[in-house]
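The following account leads through a model of two protein chains, from the fold of one chain to the contact between both and then to selected local features. Please keep the sequence and the coordinates at hand while reading.

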Amino acid sequence: MTDTSLIHPFQDIVCNKDGTLLYAVVKNMVQVYKFNAENSKVIKIGEWKDEFDSTILIKEKVIKEQQRQIEKNGTGIDTNTNTAVGTNTNKKLKTNNKEAKIPTPGTGAPPIYRYIRSMLLSRNEKKLIICTDSDKAAVIFNINYGNDNNVLSLFKRQPFPKRPSAITTTLDDRKLLLADKFGDVYEIDMNDEKVQSSETLEPVLGHVSMLTDIGFQKDNATDQSFVISCDRDEHIKISHYPQTFIVNKWLFGHEQFISSIVLPQWNNDLLFSGGGDDNIFSWNWKTGELLDKFNYSELISPYINEKFHLAPERFQNNENNLIEYAVSKIISFPNLPYIAFFVEATNCFFVLKVDCFTGKLTFVHKVETETNVIAMTSSVSSLVVSLDTIETPKSFLLKFYNINKNGVIEEDELKANEFDSCIKDQIKDNQVFKVENKDKDVYPLYHVSSLRKHGEH
Amino acid sequence: RAHSNPFSDHQLEYPKSPNEMNWTKLYPGFVDPNDPTKLLSKVTIADIGCGYGGLLVDLAPHFPHDLILGMEIRVQVTNYVEDRIIALRSKDPNGKKYQNIGVLRGNAMKFTPNFFEKGQLTKIFFCFPDPHFKQRKHKARIVTKTLLSEYAYVLKEGGIIYTITDVLDLHEWMVKHLQEHPLFARLDAEWENEDLCVSIMRNATEEGKKVERNKGDKYIACFKRLPNPEIIL
């Protein structure tokens, strides 16, 4: 079958600021590539695979529950055995004495995934943080730049009670803030090796809705710091930090879920947000003012396709032409007043210019890609996209673009070629890239649209 | 139905922001004669999970100048309270009484900030909330560490949170979380004994009356919204 030659795309990518290093995630593995500007060569300088066996966690839970039951019923038995016959309690006791059975998924059960869901490079570029599926953990690595055999060395692995959905760090990189699918935000120390029991962790703030992104910013005028969290219920909440119990404000205006927020480094009043709405929103988060909305619906319409963007059948209209799409990610450039974004399951991305004084957004570029964009990252002068190569195993996994201060964007074919040959070279022997079964072995590459609320009674 | 899942996507109507909320339908007696889209005053008292509206009805005559809002997530119960308020209003020949109470269906745990501005409320009531006994479901409780920060946001400095329940475990939970929260301080028994709302709350609600009939216990705890502390940099 042709399936055996399929290659898994990078589900997430992150660049360092000067664009020399690229961190890329495939399934449960993170890799680090280095680009040498002098000879234009690319080498792989790091790799880590999540080998955590989640059945260990289930086993622990089952044994704990068994002990709890034995304790509970055990004390009940002592008082009962002398008086009543109590066949019921005896029966219970019997089953409890058996060795704890670890449940195994039966046929037809959804497959157990071990993916890496999100990735973040600390602001000082000394640490890499990823979130794992297997044990719902944040895994922090030290980046040892001298060690080209493997720059990644595991620093700590902190499990959380619910699945993490987004991460950020404080501006000094001392704390990691982690938002989860249950709506809570946790804070852990980035420099302390100690791992806390996930049961004793207390959230620092929360929403009653799935969190989709999180940011951190400082008000330079007052020196006050803030955590900015957004959710599936159109809410962007701004809380003081470290006094996260004081809510500063909400930014109201979205009519659909929010999937991505970005706080640019070149103007710390501004915040951009997007999600299920037809618009990219531009805010002054300090005053709470909505500065501009950029409607992208016309731009995106040629790229809409029935396979991904027709609304689910039970929410479809009579004409069967209801289209639903959503912004997957917005990024900013470290030194240039531009932002870029793409819509989930489309083969293009857009670049907008930002007026630093008014926050107004103007369209500057549309860039078409060979296949759908999966992830996007930026450095001072470049933009990198990861592409969906599932149907086209020979096409490029990554594409590189240079952007100058006038917003002119050009494809960097040399870089793309070098990366492609380096990646394809090592793919041959790397099992993680292999896709045997398209339905089972692929990370859910298009998961943003499912955040749309359709309402139920 | 006795319960409703506060996490699910109910087909709820809620304003995009407090500015966009049209209150005129709920409080026709308070509509500004110069601008029919606006009210002369704002809602200042909220009964979260108001149930059958007993507290709203009993509070109404004592706070004639305050607008009191009941929020309830169950559709049928909300409809019942709506009809109850209409009936009470129509009984007053002068059309004055019960104009200051209203009810809407909503998920207060998710959307409180969509309805109320910062510091808008002076009193929030949590009367006989769903106890959600299972540990796994504790986040579904109306009082949690993280939600208290949102209630604190809509509550004015010096404003009061009133809680009453017949479930000791829930009472202890609410007291613990409110006491631990830096923006709330518990009010003592002496204060409780002198406060009008406490005595109304103790006797007004349908749940309260049921507990009374069953000779059960009622646990009360009230907390004052403290001023925000100095911001740490």
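**Overall form of chain A**

Chain A contains 5 helices and 30 strands, where helices (H or I, at least four residues) and strands (E, at least two) are DSSP runs numbered from the N terminus. The model is predicted, so local features need pLDDT of at least 70 and side-chain atom pairs count only at pLDDT 80 or more, whereas totals for chains, interfaces and linings use all residues. Residues are numbered from 1 along each chain as its sequence is written, chains are lettered from A and ligands numbered from 1 in the order in which they are written, and side-chain values use heavy atoms, with hydrogens and water left out.

The C-alpha trace of chain A spans about 90 × 60 × 55 Å along its principal axes. Its radius of gyration is 24 Å, which agrees with the value near 23 Å that a compact globule of 457 residues would have; the radius is taken over C-alpha atoms, and the globule rule is 2.2 Å times the number of residues to the power 0.38. Of the 457 residues in chain A, 53% are buried. Here buried means under 20% relative accessible area, exposed over 50%, and partly exposed in between (1.4 Å probe, protein chains only). Among the contacts in chain A with a separation of 6 or more, 51% involve residues 24 or more positions apart, a contact being heavy atoms within 4.5 Å.

**The contact between the chains**

Chain B contributes 33 residues to the contact and chain A contributes 38 residues. Together the two chains bury about 3000 Å², 57% of it on carbon and sulfur atoms; buried area is the accessible area (1.4 Å probe) that two parts lose on being put together, summed over both. Between chain B and chain A there are 12 residue pairs in polar contact, both residues at pLDDT 80 or more. A polar contact is a pair of N or O atoms within 3.5 Å; within protein, one must be able to donate a hydrogen and the other to accept it, and residues adjacent in sequence count only if both atoms are side-chain atoms.

On the side of chain B that touches chain A, helix 3 (108-115) and helix 4 (145-154) of chain B each supply at least two residues. Helix 4 of chain B gives the largest share, 6 residues. By residue type, this side of chain B divides into 15 nonpolar, 9 polar and 9 charged residues. Ala, Val, Leu, Ile, Met, Phe, Trp, Tyr, Cys and Pro count as nonpolar, Asp, Glu, Lys and Arg as charged, and the others, Gly among them, as polar.

**Salt bridges across and within the chains**

Side chains of opposite charge can pair when their charged atoms come close. A salt bridge is counted when a side-chain nitrogen of Lys or Arg lies within 4 Å of a carboxyl oxygen of Asp or Glu. This rule gives 29 salt bridges over all chains, and the count between chain B and chain A is 3. One salt bridge joins A:Glu255 and B:Lys16 (3.1 Å, N to O).

Within chain A, A:Glu234 and A:Lys453 form a salt bridge whose closest N and O atoms are 2.9 Å apart. A:Glu234 lies in the loop between strand 15 (224-231) and strand 16 (236-241) of chain A and A:Lys453 in the segment after strand 30 (434-435), so the pair ties together parts that are 219 residues apart in sequence. A:Glu234 is buried, at 7% relative accessibility, while A:Lys453 is partly exposed at 22%.

In chain B, the side chains of B:Lys176 and B:Glu180 form a salt bridge (3.4 Å, N to O). Both residues lie in helix 5 (residues 168-180) of chain B, 4 residues apart, about one turn of the helix.

**Local backbone features of chain A**

A cis peptide bond, with omega about 5 degrees, joins A:Tyr241 and A:Pro242. A:Pro242 is in the loop between strand 16 and strand 17 (247-251) of chain A. A:Lys27, although not a glycine, has a positive phi of about 45 degrees; A:Lys27 is buried, with a relative accessible area of 13%.
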